[in-house]
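Dear colleague,

I am passing the structure below on to you, and the notes that follow it set out what was found. Please read them with the model open beside you.

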Amino acid sequence: QYGRYNLGVALIKAGETDKGTLLLDALARAPARGEEMLTLRDKANLALGFNQIQAGWPGLAIGYLERVRIDGLLSNKALLGMGWALSARGQQEQALVYWQELQNRNRLDVAVQESLLAVPYALGKLGAFRRSLQQYEAAIDLYTQEMTRLDGSIAAIRAGKLSEMLLREDVVEEMGWFWKLEQLPDAPESVTLAQLIAGHDFQEALKNYRDLRFALARLEQWSADIGIYQDMLTTR
């Protein structure tokens, strides 16, 4: 299924839109079981919807985007796409319904951040210029706050605080590949990088770093004990 999805996207990017669309549409309509396959089906519908928006067919895009689960992992992007599809058809008031719903969601999500600019855009199209200006100013304030928080996170990471913070509660008793990070610490860096931290590559690197800390702690302990061992050998 993943191969079919990747092939469909590749065909569309290569200009073979009809072949790619047929492949993704079959996947988007196929019965699915389990969260993983349901999310993949949502992803296929989302790809088809945004492709139709870019191609200038917002009506077709709406049909695909409506299939995406409202409570799924990709619901935010689907809401954003629905807003743009309706806006492209001149239905600004309907677009606002979807974008305003997005504004109530997690501000760290990229789709939610884009909705902060999409709402005043739609208001401007409707002639509500005062409200549009207020929304643009509110968006600027939120973006500024986010940039300040990101700068703080970058400074903390460059200072080497991220790895120490992630392992702060870890009691290093033994090495092992079965260890995993149970929960993220309450800090701006961990929240901002949640998706990266959850990735396989990062988790494996964190395990390696933890094992190195364990080895260093043991070496320091043994180095301190060498003097005692030398005294014992001399006595014997």
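This is a predicted model: local features need pLDDT of at least 70, side-chain atom pairs count only at pLDDT 80 or more; totals for chains, interfaces and linings use all residues.

**Confidence and overall make-up**

Residues are numbered from 1 along each chain as its sequence is written, and side-chain values use heavy atoms, with hydrogens and water left out.

For the protein chain, the mean pLDDT is 86, and 90% of the residues reach 70 or more. The chain has 12 helices and 0 strands. Of its 236 residues, 34% count as buried, where buried means under 20% relative accessible area, exposed means over 50%, and partly exposed lies in between, for a 1.4 Å probe and protein chains only. Among contacts (heavy atoms within 4.5 Å) between residues at least 6 apart in sequence, 52% join residues at least 24 apart.

**Nonpolar cores**

In soluble globular proteins, nonpolar side chains tend to be buried together. A nonpolar core is here a set of buried Ala, Val, Leu, Ile, Met, Phe, Trp, Tyr and Cys residues joined through side-chain atoms within 4.5 Å. The largest such core has 22 residues, of which L46, I62, L80, L96, W99, L102 and V119 touch the most other members. Helices α4 (58-65), α5, α6 (92-103) and α7 each supply at least two residues of this core. Leaving aside neighbours within four places in sequence, L96 is in contact with V119, A122, L123 and L126. There is also a second, separate core of 9 residues, which includes I12, L24, L40 and A44.

**Pockets**

Grid points are joined across faces, edges and corners, and a volume is the space filled by probe spheres set on the points.

The largest pocket has a volume of about 590 Å³. It is lined by 17 residues, and L108, D109, V110, T192 and Q195 lie nearest its centre. Helices α5 (75-88), α7 (110-125), α8 (129-158), α10 (188-192) and α11 (194-198) each supply at least two residues of this lining, with α11 giving the most, 3 residues. By class, the lining has 9 nonpolar, 5 polar and 3 charged residues; Ala, Val, Leu, Ile, Met, Phe, Trp, Tyr, Cys and Pro count as nonpolar, Asp, Glu, Lys and Arg as charged, and the others, Gly among them, as polar.

The second largest pocket has a volume of about 380 Å³. Of the 15 residues that line this second pocket, L46, A47, F50, N51 and Q54 are the closest to its centre. The largest share of that lining, 6 residues, comes from α3, and the lining divides into 9 nonpolar, 2 polar and 4 charged residues.

Not counting residues up to four places away in sequence, D42 touches R67, V68, R69 and L74.

The C-alpha atoms of G49 and L65, 16 residues apart in sequence, are 5.5 Å apart in space, and A61, Y64 and L65 are the residues in contact with G49 once neighbours within four places are left aside.

Q52, likewise placed in α3, counts as buried at 9% relative accessibility; beyond four places in sequence, Q52 touches W57, P58, L60, A61 and Y64.

In helix α2 (residues 17-29) lies L22, which is exposed, with a relative accessible area of 64%. The C-alpha atoms of L22 and G8, 14 residues apart along the chain, are separated by 7.9 Å.

With best regards

Notes:
On a 1 Å grid over the protein atoms alone, a cavity is a set of points where a 1.4 Å probe fits but cannot get out, and a pocket is an open set with protein on both sides within 12 Å along at least five of seven lines; lining residues have an atom within 4 Å of a point. Helices (H or I, at least four residues) and strands (E, at least two) are DSSP runs, numbered from the N terminus. pLDDT is the predictor's confidence in each residue, from 0 to 100.
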